[in-house]
Amino acid sequence: MGKSETRRIPKYDCLGNKLNIGDKAILFSERGIHYEGTIQRIGNKRWFVVDETTRIGGIGTCKIKKVE
């Protein structure tokens, strides 16, 4: 995973499912981080939006999984 890949919300989840704008997903890590939210486009950037006050712009070392 390159530096630019950790600074954005990917277009595919850890299982290879496409993450479209409006999709629900779970952001998680082995260390216990766990957020549920939606993929949104704000400006020119994809964001993982948890609620009105929490937006995540890059996944870092976390993984993301689409919720069906």
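Predicted model: local features only at pLDDT ≥ 70, side-chain atom pairs only at ≥ 80, totals over all residues.

Visitor: Which elements does the chain contain, and in what order do they run?

Guide: The chain has one helix and five strands. From the N terminus the order is α-β-β-β-β-β. Helices (H or I, at least four residues) and strands (E, at least two) are DSSP runs, numbered from the N terminus.

Visitor: What makes E1 and E2 a pair?

Guide: Two strands pair if DSSP finds at least two bridges between them. Strand E1 (residues 24-28) and strand E2 (residues 34-42) have five bridges, in the antiparallel sense, so they meet the definition of at least two. Within this pair, Leu27 stands opposite Tyr35 in E2. The two strands form a hairpin with five residues between them, and Gly32 in the turn has a positive phi of about 105 degrees.

Visitor: Which strand pairs with E2 over five bridges as well as E1?

Guide: Strand E3 (residues 45-51) pairs with E2 in the antiparallel sense over five bridges. Ile42 stands opposite Lys45 in E3. This hairpin has two residues between its strands, and Gly43 in the turn has a positive phi of about 70 degrees.

Visitor: Why is Ile59 called buried?

Guide: Buried means under 20% relative accessible area, exposed over 50%, and partly exposed in between (1.4 Å probe, protein chains only). Ile59 has 8% relative accessibility, and therefore counts as buried. Ile59 lies in the loop between strand E4 (54-56) and strand E5 (63-66). Leaving aside neighbours within four places in sequence, Ile59 is in contact (heavy atoms within 4.5 Å) with Glu5, Thr6, Arg8, Ile9, Pro10 and Leu27.

Visitor: What makes up the largest nonpolar core?

Guide: The core has 10 residues: Ile9, Leu19, Ala25, Leu27, Ile39, Phe48, Ile56, Ile59, Cys62 and Ile64. A nonpolar core is a set of buried Ala, Val, Leu, Ile, Met, Phe, Trp, Tyr and Cys residues joined through side-chain atoms within 4.5 Å. In soluble globular proteins, nonpolar side chains tend to be buried together. Not counting residues up to four places away in sequence, Ile64 touches several residues, including Ile9, Leu19, Ala25, Leu27, Ile39 and Phe48.

Visitor: Why does the radius of gyration of the chain agree with that of a compact globule?

Guide: The radius of gyration is taken over C-alpha atoms, and the globule rule is 2.2 Å times the number of residues to the power 0.38. For 68 residues a compact globule would have a value near 11 Å; the chain has 11 Å, so the two agree. The C-alpha atoms fill a box of roughly 25 × 25 × 20 Å, taken along the principal axes.

Notes
Residues numbered from 1 in each chain as written. Heavy atoms only, no water.
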